[in-house]
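Please look through the sequence and the structure shown here before trying the exercises. Each exercise sets a task and then works through a solution step by step.

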Amino acid sequence: VGSTTQPSSDKITDAGNINPRELAFTQQFLIWAFIASIIALFYKPLFILVTPFAVWCLYRTAVVLKLPAGWRLFYLFTGLIPAASLLIPALASVGPVLSLLALLRLNARATKALKDAGVKVGLLGVKTNDIPPRSS
């Protein structure tokens, strides 16, 4: 009787199941959300504008990566923490950092999935010229 090995919990997705073009675009938005979140760390009222964008980027990237629903909700709620930190002072010191960590983790997953699909990924995501063409 052969033993079956369980896939690693850190396995992203099968590179053939994702749409590299869509993932490349959502990763670029995710990187911009990360940069905007860092700027918002120094000017707290900016979180009111950055949070909806970051939440959308987190959730959209999780959908494109075809992560399970539980992980999608995790990233969705993690993106909302900075807004909650404006209302709940106890979250003010850790909320934005948790959101930044979620953005970084999801960006790493997107980068790995794109590299597995054979797409060249740089520091700020995939160059516009390197984004795979639309598949017919």
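This is a predicted model: local features need pLDDT of at least 70, side-chain atom pairs count only at pLDDT 80 or more; totals for chains, interfaces and linings use all residues.

Residues are numbered from 1 along each chain as its sequence is written, and side-chain values use heavy atoms, with hydrogens and water left out.

**Exercise 1.** Compare the reach of helix H4 with its expected span.

Solution. Helices are DSSP runs of H or I with at least four residues, numbered from the N terminus. H4 covers residues 95–116, which is 22 residues. The expected span is 1.5 Å times one less than the number of residues, and for H4 this gives 32 Å, to which the 32 Å from its first C-alpha to its last is close. After H4 comes Gly118, with a positive phi near 85°.

**Exercise 2.** Work out how H1 and H4 are oriented towards each other.

Solution. Begin with the axes, which are lines fitted to C-alpha atoms over the stretch in contact, with angles from 0 to 180 degrees between N-to-C directions. The axes of H1 (residues 20–42) and H4 come within 10 Å and cross at roughly 155°. H1 and H4 are therefore roughly antiparallel, a term for angles over 145 degrees. Next, consider the residues in contact (heavy atoms within 4.5 Å): among them are Leu23, Gln27 and Leu30 of H1 and Leu106, Asn107 and Ala110 of H4. By class, this contact has 17 nonpolar, four polar and no charged residues.

**Exercise 3.** Describe the contact of H2 with H4.

Solution. The axes of H2 and H4 come within 11 Å and cross at roughly 30°. The contact is made by Phe47, Leu58, Thr61 and Ala62 of H2, together with Pro96, Ala102, Leu103, Leu106 and Ala110 of H4.

**Exercise 4.** Are Thr61 and Gln27 buried or exposed, and what does each of them touch?

Solution. Take Thr61 of helix H2 (residues 47–64) to begin with: its relative accessible area is 0%, so it is buried, a term for values under 20% (1.4 Å probe, protein chains only). Leaving aside neighbours within four places in sequence, Thr61 is in contact with Leu23, Thr26, Leu30, Leu106 and Ala110. Gln27 lies in helix H1 and, at 1% relative accessibility, also counts as buried. Not counting residues up to four places away in sequence, Gln27 touches Asn107, Ala110, Thr111, Leu114, Val121, Gly125 and Val126.

Technical notes
Helices (H or I, at least four residues) and strands (E, at least two) are DSSP runs, numbered from the N terminus. Buried means under 20% relative accessible area, exposed over 50%, partly exposed in between (1.4 Å probe, protein chains only). Angles under 35 degrees count as roughly parallel, over 145 as roughly antiparallel, 65 to 115 as roughly perpendicular and the rest as oblique. Ala, Val, Leu, Ile, Met, Phe, Trp, Tyr, Cys and Pro count as nonpolar, Asp, Glu, Lys and Arg as charged, and the others, Gly among them, as polar.
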